[in-house]
Amino acid sequence: MRTRTIRLAVIAGSTRPFRRAHSVADWVCAAASEPGQDRAYDLTLVDLAEVDLPMLSEPAPAMVGQYAQETTRRWSELVGRFDGYVLVSPEYNHSTSAVLKNALDHLYAEWRDKPVGFVGYGTDGGVRAVEHLRLVAAELGMAGVGPQVALNLFDDFDGQSCAPRTRQVEARDRMLAGVARWAEALRPLRPARSAPVPDGDRPILADPAAYPAATDAVEQFVTALQGGVDSSDADRFDHLFAADVMWGSPYGRTLAGFTELNAIHRTLMARQAAPPSRFEIVRVTAPAPDVAVAHVRRQAVDADGKATDGFSEMAMYVLVERDRRWWLAGGQNTPIAQAQPLPS
Ligand SMILES: Cc1cc2nc3c(=O)[nH]c(=O)nc-3n(C[C@H](O)[C@H](O)[C@H](O)COP(=O)(O)O)c2cc1C
């Protein structure tokens, strides 16, 4: 059974023009969507070229946790989101890259008590770079997983593009499974991030990359609601409700579970309690790759489909993707006393 999704950052550790790092990091991230993978984790590519940190110029060591630079605060916020990391490192002069070491040196608590996996590449698989990184990671309080990937410049690349041999794919998947397992195991050691946040440091949760899938999911969900109401079919209406769906009723009750809700919907639909109505998506946001939050309006309409003063409500829905299907995890509907006309 899949538990919580584990968020892993795949950090591309080179910023050179024509670097191989990005292609390697892309290949690591592709693991999350390949068939046969138990997607217990999400992989997010973090490109140090985009992060664009200056060379460390913080007055206080990272261990103190007081960051004077805006760039460090942004980096802290980004790194702090993840449960574990994969460091993609080239080998430069038998060590890791300066840019990756600099990025690690900027922070402390954000890395601590989290697992890290390593993907090295070079003429000898980048193993010397990874050995150095293991020492740095240990000092930061990270748990370095044993399985690692060692890509050879001659055998695992097509020019600058990562084209690894089959055994490297297996090594990558073993490494990722190890990072995900330890991310879950180490979770109790990490303090909940509940300290008050200074103004301006509040995160924006919306993930633009996740928005199209979330919008599709909400559209499908609303189509099911509409079909259910049009045919007075509660089973069709509740078709995408999860077994443990939670619902805040307009009468102040919390309803828990498909069975309870479906029984109520069957009764209401048999009584034709609500007039014909039309559903309209007002707003969708995707705070995480597998989560959609939607505000949906339900408006009573007459035989010509025109809004009437009858029953109208606004509802908030939370949908979650599980094994490539989206399910309703929670909902709350609120009647609106004065029906407003739908925008034309
Ligand atoms: C400054 C520098 C030093 C390097 N030193 C090594 C080395 O010690 N061992 C090795 O296997 N490859 C070494 N290489 C080759 C790199 O591993 C190879 O160019 C790799 O593609 C660099 O990663 P990047 O393209 O993502 O920056 C070195 C490359 C550079 C630029």
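Start with the aromatic rings: this predicted model holds 10 aromatic pairs. A pair of rings is described by the distance of the centres and the angle of the planes.

Select tyrosine 85 and tryptophan 111. Their ring centres are 4.9 Å apart and the planes meet at 70 degrees, over the 60 that marks the class, so this pair is edge-to-face. Tyrosine 85 belongs to strand E3, residues 84-90. Tryptophan 111 sits in the loop between helix H4 (98-105) and strand E4 (115-122). The two are 26 residues apart, and the pair links distant parts of the chain. Are these two residues buried or exposed? Both tyrosine 85 and tryptophan 111 are buried.

Next, select tyrosine 121 and phenylalanine 157. Here the ring centres lie 5.9 Å apart with the planes at 50 degrees, so the pair is tilted. Tyrosine 121 is part of strand E4, and phenylalanine 157 is part of strand E7 (residues 157-158). Because of these positions, the pair ties together parts of the chain that are 36 residues apart in sequence. Tyrosine 121 has 5% relative accessibility and so counts as buried. Phenylalanine 157, at 9% relative accessibility, counts as buried too.

Which part of the ring does arginine 20 lie over? Arginine 20 lies over the face of phenylalanine 157, 5.4 Å from the ring centre.

Now look at individual contacts:

- Arginine 16: a polar atom of its side chain is 2.8 Å from an oxygen atom of the ligand.
- Glutamate 91: an N or O atom in its side chain is 3.0 Å from a nitrogen atom of the ligand.
- Asparagine 93: an N or O atom of its backbone is 2.8 Å from a nitrogen atom of the ligand.

On its own the ligand has 620 Å² of accessible area, of which the protein covers 77%.

What is its phi? Phi of histidine 94 is near 65 degrees, a positive value in a residue other than glycine. Most residues other than glycine have a negative phi. Histidine 94 has a relative accessible area of 46%, so it is partly exposed.

Serine 232 is another stop with a positive phi, near 50 degrees. Look for serine 232 in the loop between helix H7 (211-230) and helix H8 (234-237). With 33% relative accessibility, serine 232 counts as partly exposed.

Now select residues 218-314. An unreviewed UniProt entry lists this range as "domain: SnoaL-like". Over these residues the chain is 31% helix and 43% strand.

Then return to ring pairs and select Phe221, Phe237, Phe241, Trp247, Phe279 and Tyr317. Ring pairs link these residues into a cluster.

The last stop is glutamate 313, in strand E13 (residues 307-322). Its relative accessible area is 5%, so glutamate 313 is buried.

Conventions
Residues are numbered from 1 along each chain as its sequence is written. This is a predicted model: local features need pLDDT of at least 70, side-chain atom pairs count only at pLDDT 80 or more; totals for chains, interfaces and linings use all residues. Side-chain values use heavy atoms; hydrogens and water are left out. Rings of Phe, Tyr and Trp (its six-membered ring) pair if their centres lie within 6.5 Å; planes under 30 degrees apart count as stacked, over 60 as edge-to-face and the rest as tilted. Helices (H or I, at least four residues) and strands (E, at least two) are DSSP runs, numbered from the N terminus. Buried means under 20% relative accessible area, exposed over 50%, partly exposed in between (1.4 Å probe, protein chains only). A charge sits over a ring if NZ of Lys or CZ of Arg is within 6 Å of the ring centre and within 35 degrees of the ring normal. UniProt positions are given in the numbering used here, feature names are shortened, and annotations may be inferred rather than shown by experiment. A polar contact is a pair of N or O atoms within 3.5 Å; within protein, one must be able to donate a hydrogen and the other to accept it, and residues adjacent in sequence count only if both atoms are side-chain atoms. Accessible areas come from the Shrake-Rupley method with a 1.4 Å probe; for residues, only the protein chains shown count as cover.
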